[in-house]
Amino acid sequence: MTKPIIGVAPGTLAVDSQMFPGRKRDYVNRVYLRSITANGGVPLVLPVTNDAETIARYVGLIDGLLLCGGQDVNPLVYGEEPLEKLGGIDPERDTYEIALIKVVHAVHKPIFGICRGIQILNACYGGTIYQDLSYMPAGQGTIKHLQAQLPAYGMHHVQVAPKSVLAEFLGQTELAVNSFHHQTLHQIAPGFQVVATAPDSVVEAIEATDGGLQLAVQWHPEEMQAVEPVMARLFAKFIATSQR
């Protein structure tokens, strides 16, 4: 059986040095790539572009799409002005990933989003984002979501909806996850449902209600999968779903 090719939408980084001022870099942490290869897939990095023909060729080559973590989503994408606690953004990356998501979904190929990936997926389909956890209603977003401990270990618990695809993939409905974010989902995009939450009401996972697999989590399973088999299972199930 041929291993599925998993397209990886890379992170971006501004390189500011005397030798190369103002240059940008596309990059992927190796732990994403190793999580794919360790669980039956072949990773293929898809550099940022806004050329529609190139994006179409990318999608023709892959069997599934992984959306990686990174900087904040530009709030103009979801119809808001930037607030004081907004972090760094890359509008070019936003435009690229939204176009890529739409083309991948149009040909019914699976999508799996991680951290920023859940946010851009939600924004792509009309959802919104709290630009910082402190903007959530009183009593929400109160636990620590930007951990200082090693990323391989869980920081807080999440509850998973029992009849969700996520629960099926994980094989359980409660687990401890790591946490490296200061934003979270606000209004959920039409056609999606919340399938996991933290104890302080922070959305930890969403999935599409129909039209093929579009699943995203707020935590970083790629950082945990070497020590937590349930996280490896999440990658393995996604990759198996991408099998032609």
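At what angle do the axes of H3 and H4 cross, and within what distance do they come? Let's start there, keeping in mind that this is a predicted model.

## H3 against H4

The axes of H3 and H4 cross at roughly 70 degrees and come within 10 Å. Angles of 65 to 115 degrees count as roughly perpendicular, so that's the label H3 and H4 get.

Who's doing the touching? On the H3 side, the contact uses Arg-93, Asp-94, Glu-97, Ile-98, Ile-101 and Lys-102, and on the H4 side Arg-116, Ile-120, Leu-121 and Cys-124. Sorted by class, that contact of H3 with H4 has five nonpolar and five charged residues, with no polar ones.

## H3 against H2

H3, which runs over residues 91–106, also packs with H2, which covers residues 52–61. Here the angle is about 50 degrees, and the axes sit 10 Å apart. H2 and H3 are therefore oblique to each other, and their crossing is right-handed.

From H2, the residues involved are Ile-55, Tyr-58 and Val-59; they meet Tyr-96, Ala-99, Leu-100, Val-103 and Val-104 in H3.

## The largest pocket

Now for some open space. The largest pocket holds about 270 Å³, and 21 residues line it. If you want to find its centre, look for Gly-69, Gly-70, Cys-115, Phe-180 and His-220, the lining residues that lie nearest to it.

Helix H4 (116–124) turns up again here: H4 and helix H6 (221–224) each give at least two residues to the lining of the largest pocket. By class, that lining splits into 11 polar, six nonpolar and four charged residues.

Methods:
Residues numbered from 1 in each chain as written. Predicted model: local features only at pLDDT ≥ 70, side-chain atom pairs only at ≥ 80, totals over all residues. Heavy atoms only, no water. Axes fitted to C-alpha atoms, helices over the stretch in contact; angles between N-to-C directions. Helix = DSSP H or I, 4+ residues; strand = E, 2+ residues; numbered from the N terminus. Parallel < 35°, antiparallel > 145°, perpendicular 65-115°, else oblique. Left-handed = near helix turned anticlockwise from the far one by under 90°. Contact = heavy atoms within 4.5 Å. 1 Å grid on protein atoms, 1.4 Å probe; cavity = no way out; pocket = protein on both sides within 12 Å on 5 of 7 lines; lining within 4 Å. Points joined across faces, edges and corners; volume = space filled by probe spheres on them. Nonpolar A, V, L, I, M, F, W, Y, C, P; charged D, E, K, R; others polar.
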